[in-house]
Amino acid sequence: MLADFADGIAYLGNSGYWFGFLAAIAITVPIALIPGISATLVMAITIPFIIVSIEDPVIGLAMLATLTGIDNTLDSIPAILLGMPGGATQVTFLEGNQLAQRGEAAHTLGAVYAVSALGGVVGAIALAVIIPVISPFVLAFGFAEIAAMAMFGVAMVAALSGGAMIKGIFAGVFGILLSTVGPAGVSLDLRYTFGQEWIGIGTGGLPLIATSIGVFALPEIIDLTMTRKPLAPKDAVIDYSEIFKGARYGMSRWPVTIRQALFGVFLGAVPGIGSGVVDWMSYAFGIFWTKDKSQFGKGSLDGVLFAEAAQNAKEGGQAVPTLALGIPGGRAWAFIIVAMLAYGIAPGQRMLTEHADITIMIVLSLGLGNLAVTMLGLGFTRQMARLTKIPYPVLGFLIIPISLLAAFQDTRDISAISIVLGGAVLGLLMKRYRWPRPPLLIGFILGPIIENNIINSVGRYDWVGTFTRPLFIALFLIAVFTAAMFTKFMNRAETETLSSIGGEGNLSGGAVPPAGGSGDGPAGLVPRVRQMRWSFTSNQVFTGGAVVIMAYVIWEATSFSFFGRWFPMGLGLTGLTLASIQFIREGLGTKTGDIMDIGIRSQGMQGARTAGAIFLALLTMMLVMAGTIGLQWGAVAIAFLGPPAMMQNRTGVIGGLIAGVLILVLNALFFNYLLAVFWPDPFILDFFRG
Amino acid sequence: MEIRSSHAVIAITLGLLLSIAGAAWLSRVGELADRTTQAIATVDATTLIFSTLKGEDFTVPLINECKHAPAAGRGCIERFQSGDEVLIWYDIADPQHVWQGATPGGGSAILLLYGGLTAATFGVVTLWFTSGLAALLIRTMRLSRRRS
């Protein structure tokens, strides 16, 4: 085995390896910087070329490993600079974009590069250490254990709820319920489709990319566009000293980085746990170990570092089941298995014996790729960070059509665009009424993992065989214990937040002082009940809507078969209880702590209403054009017209011209010629054509 | 509402009782699962006809008339017709007891068992914090640190 490893390391002296390595970086860097284009898409496009043109499997597979390894670092750049998160950079966006708005983009990116490089190297080392001994551990993970791991993720929802536990848990439950929309995995019930077959049929449920763009990204892009200002303040410092200061800060956090990276490796090694889960779980894991939790959700650099360290390290973890067992650890690693099979190499124990040279080169390429991108990033961030000084409407009207295209590319189904727009409405409402969106997304990601794995396990091993497995019981108890601890800690944080605001107002919008609880009110139940006063508030419109939706969820679930019913019915009952409690709390004027999410930044700004009307008109125009002559032309039109209409000055006109020309070039050269993307058909014309 | 140690004790007690009841019920479901075997039954109007491993013939009511899963709120997509063959599970000790899919009663047993475990765990954590044990531990650790 050692001789095989030595053969692999000898590739470092092979010019062919370095050519492939540099080619992988040259291909991935420009593509991955475009929002919404993931490593999976890049791999899907490049894999045939690699297999056909590179004969040596060591070089070909190392190239693919480089490609997937560096994408995580690159994905964080548009999330921080443009406010455009991908499927696995939602935490980076939540915290990093707010830092960019404070003018700290260069500092943040510097820290991200340092932590990503360190995380990637830790992941690679962990892969080298773990792979010879990991088989029994990975094989112990059946359907039930994967579901238990996902439940562990749901327990993290409590950590992401900030000071508003009820709202947070409800959002998590609602997210899981959203994941049940469409055809059920086993029973084939069509759930919550309102008789509309286009909802979830073509996409097999609500797609992750479209939903996360809708709920999370588009509301931010719309909000930032309506501010009509650049992302960063005028006095923001964007120079090399800031970037290196950030990198030094990142390096100084090495103990935390290693802790997060090892957690990322662990999560990555569990098959079925996707990148989106790693993102949120590592964030919540980091929050758990942090004493001062007050800055999370408001632009915390540590929050970004928690997620980035784990994201880069998880590639090493995902490589473990891929190489050792032939079970793809993630979507990108599924492509590596495809390439391995195309080269005639079967994954498994032989990856440690006769193919050890490939394994060691994959390990080295993961580490080297991260280091190379860090060097590149440190060199070019100064130029890239200047994007934050461009008025946001210029960027926003470029990104909106690209994000719609990205959602469509994921599923190749036109319904993805409707899902993005519907999600955006939900996201804006949640921002307006201060309900946290992160728990919703983590619930949405984890819901199918829990439901499908439990149903598969019960179908195969029956109830006893599924729920009496020692590892399942242990993981379940850890999840419940974690949830209980988080609830306790977060309740304390809520109490501290509320006591710090004293009697200065009512965060939940009620007009009456708090009733009940352990406050200063009179002792005894009867006097406290007498003191309570009911009043309707605007917030209750949203909460009341949530109660009605949960009641509908339960009523509709009664018509499903048992295997289609048990999951949404249980969630509906939980959601109804939580929404009702919140409704009553709001009616009684009980204060709610702050949430870990961004509010509406354009609210109250001068001319915000006019900007909103203009934006709506422009969006409608783009959608009508997309439906009649095609999205590519709608994109060009909104890029040309959006900035001048929104900003109504010379900068807007120039910005519109630049954005319009840029999207024309992107469409012609990049999307049509290089990527040969499928554009959505003009759906309005198709409707009339029948 | 202020959470006190007494609430935690109630949660632990209730949780343990539920867990014991759930475990006992699950054990009975397990015994039934051990006695379970499969057979191919033929649909005849509203009944199912099948032969056991011993060769005895049984006729039982059709469990579910939906051939394909029900569409949301709109009943069956397609119904069973006479002559259709269905995979069924039955209790060897009582072949009249027929079902499809997972062993009946398991879902409720799991709900009790795991609901109890959840309540007990939450109760233990709450008791830890409300009884002052956590504060006592922290104080003891600080004292031992000062001494060292």
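User: The radius of gyration is taken over C-alpha atoms, and the globule rule is 2.2 Å times the number of residues to the power 0.38. What radius of gyration does chain B have?

Analyst: This is a predicted model, in which local features need pLDDT of at least 70 and side-chain atom pairs count only at pLDDT 80 or more, whereas totals for chains, interfaces and linings use all residues. Residues are numbered from 1 along each chain as its sequence is written, while chains are lettered from A and ligands numbered from 1 in the order in which they are written. The C-alpha atoms of chain B fill a box of roughly 85 × 40 × 30 Å along the principal axes. A compact globule of 148 residues would have a radius of gyration near 15 Å, but the value for chain B is 26 Å.

User: Which helix of chain A gives the most to the side of domain 1 that touches domain 2?

Analyst: Chain A is divided into domain 1 (2-465) and domain 2 (612-689), with bounds from an automatic or database domain assignment, and the C-alpha centres of these two domains of chain A lie 28 Å apart. Counting residues as in contact if their C-beta atoms, placed from the backbone, lie within 7 Å, 19 residues of domain 1 of chain A meet 25 residues of domain 2 of chain A. Helix H10 (208-227) and helix H17 (392-411) of chain A each supply at least two residues of the domain 1 side. The most, 10 residues, comes from H17(A).

User: How many residues does chain A bring to its contact with chain B, and which element gives the largest share of that side?

Analyst: The contact takes 25 residues from chain B and, from chain A, 27 residues. Strand E2 (190-191), helix H19 (438-467), helix H20 (470-501) and helix H23 (562-587) of chain A each supply at least two residues of the chain A side. The largest share, 7 residues, comes from H20(A).

User: How are H11(A) and H16(A) oriented to each other?

Analyst: The axes of helix H11 (residues 240-252) and helix H16 (residues 356-385) of chain A come within 9 Å and cross at roughly 135°; axes are lines fitted to C-alpha atoms over the stretch in contact, and angles run from 0 to 180 degrees between N-to-C directions. Angles under 35 degrees count as roughly parallel, over 145 as roughly antiparallel, 65 to 115 as roughly perpendicular and the rest as oblique. H11(A) and H16(A) are therefore oblique.

How values were computed: Contact = placed C-beta atoms within 7 Å. Helix = DSSP H or I, 4+ residues; strand = E, 2+ residues; numbered from the N terminus.
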